[in-house]
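Hello,

Here is the structure we talked about handing over. My notes on it follow below.

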Amino acid sequence: MKPLHAFGDDALGDLDAVGLVAALQAGRVSMPEVVEAAVARTEAVNPALNAVAFGAFDRARLEAREPRGGFFAGVPTFLKDNVEVAGMPTQHGSDAFVSPPSKADGDFARMYLATGLVPLGKTQLSEFGFSATAEHVRLGPVRSPWHRDHSAGASSAGSAALVAAGAVPIAHANDGGGSIRIPASVNGLVGLKPTRNRLAQDKLMRDMPVRIVSDGVVTRTVRDTAAFYREAEKVFRNLELAPVGDITRPGRRRLTVAVVTGVLGREATPEVRELTLKTAALLEGLGHRVEEVDAPVPESFRDDFLLYWSMLAAATVRTGRLTHGRTWDRDQLDDLTRGLDRHCRRNLHRLPFAMRRIARSHIWSAEFHRTYDVVLSPTLAAPTPLVGHLEPTGGYEQVMERLLEWVVFTPLANATGDPAISLPIAATDAGLPQGMMFGAGAGQEALLLELAYELEAAAPFARIQGL
């Protein structure tokens, strides 16, 4: 199947967000032209991708005529449908309630849009973000533009599919177990999960006992991701973290890199392991010191993280009526959400100790990063599955086992709070993107971006419009 994209000879061309800013500032294109092109592209690809949860095209057209300030003024974007945006509903990918339009921007959207980005609407996700694939029981799956028989991955699937297909150059994503990095891997994008508390977040995310969710973006180029963090920092700055700053080129420092191809007995497939070792060889050729190691992960981690994840589902189920009012209907929840709720209730006695171990995971991570600057692993343990493989009506036990086989590497950084980035520098024999993930110690986004620039130059990312 030929990849699907909307790149063409319009105001967006094949520009990334930074390139689009330059074109706007030079007067080669206008903001209304750019937004109109993004709307047309979205309408062209969305019927096949199923990525849009809520369209706000007329609002975007109005804003293009009276833009707010900011570096990204006039650059079209989407936000994921689990953050509050004024005038848009927040449905969290669920049929269990009916959301009214939000009365005001949440803290994240306020920061995000203050950079000048123009929202075209919201994107589809898995129900409450609990699955690593967005396959809505009623609305259907979000599909990869690289091959529509395959999932677009994780709960930020809608955002990633639209960026990869060229509808917009940058879109919001967030990550509680890999949902920035997984769809970045699947769709051939750059996806940086920042350090815990790096960016402003909505109250829902801030109120978690352990803040495993981080907000960020998916983009097609390293410089777009770097520019976003530079500009976001001008709006919101966590003074407890060293600033990311303006990262525009590779770093000169040669790094000590740990290579991990399995975690707690779950290994990458032979094909993915080979791609990871090829990436390690590339790093070695660039002068970095590379060493294959065992992941420094406690034996309890997988069970602890799953129990904490299931606690978030149980809290959603138990507080649904209070949070969402009379429209709440738990019978409309999908099988995965209900299965996670059951898992939590059956293991409730273990939850306090699991949470304590997760909250302390940053300690063993910091110790590990005293020896190794960066950890390289595949973002995902296997190639992108076909649509339906992780469909939430497949039965909780089956779907959970399949999820645990695929999403092996990403949850570690959510527990520790460390930054990690997925880069599109590998592809499977079937021609599908296979992201490689690089993790660093807390606050080290600048180091990861410098390494990302170096790898982008050494192994240029595959582009969907060239296929």
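I begin with helix 12, whose buried residues are Leu336, Thr337, Gly339, Leu340, Asp341, His343 and Cys344. Please keep in mind throughout that this is a predicted model. On spacing, an α-helix has 3.6 residues a turn, so residues three or four places apart point the same way.

The length of helix 12 was also checked. Helix 12 has 12 residues (335-346) and, at 1.5 Å a residue, should span 16 Å; its end C-alpha atoms are 16 Å apart, so the two values agree. At the start of helix 12, the backbone nitrogen of leucine 336 has a side-chain oxygen of aspartate 334 within 3.1 Å.

Eight strands make up an open sheet with mixed pairing, in the order 8-10-9-16-17-15-11-14. Strand 8 (170-175) and strand 14 (289-292) are at the edges and have a single partner strand each, so one side of each has no neighbour in the sheet. On average, neighbouring strands of this sheet are turned by 25° against each other, direction ignored. One of the pairings is between strand 11 (residues 256-259) and strand 15 (residues 374-378), which run in the parallel sense and share three bridges. Within that region, valine 259 stands opposite leucine 376 in strand 15.

Last, the salt bridges, of which the structure holds 28. One of them joins lysine 122 to aspartate 81, with the closest N and O atoms 3.4 Å apart. Lysine 122 is in strand 3 (residues 118-123), while aspartate 81 is in the loop between strand 2 (76-80) and helix 4 (107-113), so this pair ties together parts that are 41 residues apart in sequence. Both lysine 122 and aspartate 81 are buried.

A network of salt bridges links Arg230, Glu231, Lys234 and Asp246. In it, arginine 230 meets glutamate 231 at 2.7 Å, N to O, and arginine 230 also meets aspartate 246 at 3.1 Å, N to O.

Aspartate 246 is partly exposed, at a relative accessible area of 48%.

Regards

Terms used. Residues numbered from 1 in each chain as written. Predicted model: local features only at pLDDT ≥ 70, side-chain atom pairs only at ≥ 80, totals over all residues. Heavy atoms only, no water. Helix = DSSP H or I, 4+ residues; strand = E, 2+ residues; numbered from the N terminus. Expected span 1.5 Å × (residues − 1). Buried < 20%, exposed > 50% of the residue type's maximum accessible area, 1.4 Å probe, protein only. Polar contact = N/O pair within 3.5 Å; in protein donor to acceptor, adjacent residues only side chain to side chain. Pairing = 2+ DSSP bridges. Axes fitted to C-alpha atoms, helices over the stretch in contact; angles between N-to-C directions. Salt bridge = Lys/Arg side-chain N within 4 Å of Asp/Glu carboxyl O.
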